[in-house]
Amino acid sequence: MNAILKINGQEKTFEGGLPETLAVLLDNLHIDQATVVAEIDGRIIERKDFFRTVLAQGQAIELIRFVGGG
Amino acid sequence: MTPHVFYELKNAVVGIAGLGGLGSNVAVALTRLQVGKLILADFDSVEQSNLNRQNYFADQIGLHKVDATLTNLRRIHPQAGLLGHRVRLTPENIPVIFKDCHVIAECFDRADQKQMIVETVLTRMKDVTVVSVSGLAGYGRSNEIVTRRISDRLILVGDAITGTGPGIPLTAPRVGIAAYHQANAITEILLDERRTLLLKRSV
């Protein structure tokens, strides 16, 4: 079975299997944990829990990224 | 304004987190709109370098931003409902300071601070909508600044990519566009959505 996640509405296939946790996924995507709000299947995951949030096949993940300026 | 519109605005409470380029301008727009109460928070003082985009004046350099903003807003409407907090916002004090707000405008400068308040509002403040901004640096490309609804309680303004950095300054026109997008999104929430929400809750 393919390892697939739906990230910001787009399906992404992971050849080497799913990233183990949300933190690992963000690392793979080169996203700084300090600047992203993450939602899995409609539920907000707090930043402090990224490292222990285990990912599962087919989940819908929304990553809301912030850049500086205001 | 029609009585309905006036009533909705008069009873609205809006939080403004940060009084820099975004917050100082959002506060002006919402004061002119005569929103019932604004709760303002910042820890900083006005500096010379702020005058390129923030709603302060040369003779206010050195004043606390909260005090300078209160003065400026009262020059627009002396009877405006305003509450200022001279404080650095944290996940612990945000739910307390903005307790009565229907909507909170995220008006910070740093990306990690934006993340912090959005996460805090979404996880700890039920029924409060946060209007945040990401991607407003530089100049031109006005039409790339958009207002998007990300989820029930999160609205995101900006082009989502242009952060400040070397060679990418913050400019009054583009920051101003984002600030007024933010104020306009808040107006829409107060006038349209809140009414629907209150009706739903009373059932």
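Predicted model: local features only at pLDDT ≥ 70, side-chain atom pairs only at ≥ 80, totals over all residues.
Chain B touches chain A through 29 of its residues, which meet 17 residues of chain A. Over all chains, the structure holds nine salt bridges, yet zero of them are counted between chain B and chain A.

- Nine residue pairs are in polar contact between chain B and chain A, counting pairs with both residues at pLDDT 80 or more.
- Four elements of chain B each supply at least two residues to the side that touches chain A: helix H5 (111-124), strand S5 (129-133), strand S6 (146-151) and strand S7 (154-158).
- H5(B) gives the largest share of that side, with nine residues.
- By residue type, the side of chain B that touches chain A has 13 nonpolar, 10 polar and six charged residues.

**Helix H1 of chain B**

- Within helix H1 (residues 3-10) of chain B, the buried residues include B:Val5, B:Glu8 and B:Leu9.
- These residues sit on the same side of H1(B), because they cover an arc of only 95° around the axis.
- Turned away from that buried side is a face with the exposed residues B:Pro3, B:Tyr7 and B:Lys10.

**Salt bridges in chain B**

- B:Asp67 and B:Arg86 pair through their side chains in a salt bridge, at 2.6 Å from N to O.
- B:Asp67 belongs to helix H3 (residues 65-76) of chain B and B:Arg86 to strand S3 (residues 82-86) of chain B, so this bridge ties together parts that are 19 residues apart in sequence.
- B:Asp67 is partly exposed at 27% relative accessibility, while B:Arg86 is exposed, with a relative accessible area of 51%.
- B:Arg110 and B:Asp112 form another salt bridge, with their closest N and O atoms 2.7 Å apart.
- B:Arg110 is partly exposed at 47% relative accessible area, and B:Asp112 is partly exposed at 23%.
- B:Asp159 bridges to B:Arg174, the closest N and O atoms being 3.1 Å apart.
- That pair links distant parts of the chain, 15 residues apart: B:Asp159 lies in the loop between S7 and helix H6 (172-202) of chain B, and B:Arg174 lies in helix H6 of chain B.
- Both B:Asp159 and B:Arg174 are buried, and they join B:Arg141 and B:Glu144 in a network of salt bridges.

Notes. Residues numbered from 1 in each chain as written. Chains lettered and ligands numbered in written order. Heavy atoms only, no water. Contact = heavy atoms within 4.5 Å. Salt bridge = Lys/Arg side-chain N within 4 Å of Asp/Glu carboxyl O. Polar contact = N/O pair within 3.5 Å; in protein donor to acceptor, adjacent residues only side chain to side chain. Nonpolar A, V, L, I, M, F, W, Y, C, P; charged D, E, K, R; others polar. Buried < 20%, exposed > 50% of the residue type's maximum accessible area, 1.4 Å probe, protein only. Arc of directions from axis to C-beta.
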